[in-house]
Amino acid sequence: MADNRQAQSPDDGSWESGTPWQESSQHQHSQTPEGHPRFDERQWQGSYPGQRTTPPTYMVAAILVTLFCFFPTGIAAIVFSSQVSAKTNAGDIVGAAEASRKARLWVLVSLAAGLLAWIILMAASAATSSTTAFMPAS
C-alpha cells in the first residue's frame with residue numbers, strides 16, 4: 001500500500017507563484033513603519049530586470065559642503081552618505097534609500113547655512129567699511 005504520488009519538483013513550474021511564503025517575501029519592502037515614507041523599489045531598478053543600482057550617495061557634495069560651507073552639518077552629510085553603500089551591500093535597500101535622502105537633506109542644509117553665513121559676512125563688511133574719508137573741520 002505504498003503511495004504512488006510523485007513529489008513535485010521545482011522544474012514543473014509549481015514553485016513560481018502562489019505559495020504563501022514567496023508572496024510574503026515579495027512584499028517585504030512595500031511595508032514600512034508608520035510615519036515613514038513608502039519606498040517604491042521599482043525606482044532603483046537597473047537596466048535589465050533584477051538588476052538594482054544603489055541610491056545616490058552624495059559623498060562628493062557632502063565633502064565639498066563640509067570644507068567650504070558649514071562644518072557641523074557637513075559632517076552629518078558625510079555620515080549619512082557613507083551609510084548608503086554599506087546598507088546597499090548588506091541588502092537593506094530601504095535603509096539605503098533613507099540614508100541617501102538624509103544625506104541629501106544635510107547637504108542642502110549645509111549649503112544654505114554656508115550661503116547665509118557668507119551673506120551675513122558680506123553685509124557686515126559693507127556696513128563697517130567707509131567709502132568717504134573723514135575730514136576734520138578746520
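These legends describe close-up views of a predicted model.

**View 1. Packing of helices α3 and α4.** Helix α3 covers residues 71-89, and helix α4 covers residues 93-128. Two packed helices are described by the angle between their axes and the distance between the axes. Here the angle is about 160°, and the axes lie 8 Å apart. Angles over 145 degrees count as roughly antiparallel, and α3 and α4 are therefore roughly antiparallel to each other. The crossing of α3 past α4 is left-handed.

**View 2. Residues in contact between α3 and α4.** From α3, the residues that take part are T73, G74, A76, A77, F80, S81, Q83, V84, K87 and T88. In α4 they meet I93, G95, A96, A99, S100, K102, A103, W106, V107, V109 and S110. Sorted by class, this contact holds 11 nonpolar, eight polar and two charged residues.

**View 3. Residue E98 in helix α4.** E98 has a relative accessible area of 23% and is partly exposed. Along the chain, E98 and F80 are 18 residues apart, and their C-alpha atoms are separated by 9.0 Å. F80 is one of the α3 residues that meet α4.

**View 4. Residue Y58 in the loop between α1 and α2.** The loop that holds Y58 lies between α1 (20-26) and α2 (59-68). Y58 is a residue other than glycine with a positive phi, near 60°. The relative accessibility of Y58 is 29%, so Y58 counts as partly exposed.

Terms used:
Residues are numbered from 1 along each chain as its sequence is written. This is a predicted model: local features need pLDDT of at least 70, side-chain atom pairs count only at pLDDT 80 or more; totals for chains, interfaces and linings use all residues. Side-chain values use heavy atoms; hydrogens and water are left out. Axes are lines fitted to C-alpha atoms, for helices over the stretch in contact, and angles run from 0 to 180 degrees between N-to-C directions. Helices (H or I, at least four residues) and strands (E, at least two) are DSSP runs, numbered from the N terminus. Angles under 35 degrees count as roughly parallel, over 145 as roughly antiparallel, 65 to 115 as roughly perpendicular and the rest as oblique. A crossing is left-handed if the near helix is turned anticlockwise from the far one by less than a right angle, and right-handed if clockwise. Contact means heavy atoms within 4.5 Å. Ala, Val, Leu, Ile, Met, Phe, Trp, Tyr, Cys and Pro count as nonpolar, Asp, Glu, Lys and Arg as charged, and the others, Gly among them, as polar. Buried means under 20% relative accessible area, exposed over 50%, partly exposed in between (1.4 Å probe, protein chains only).
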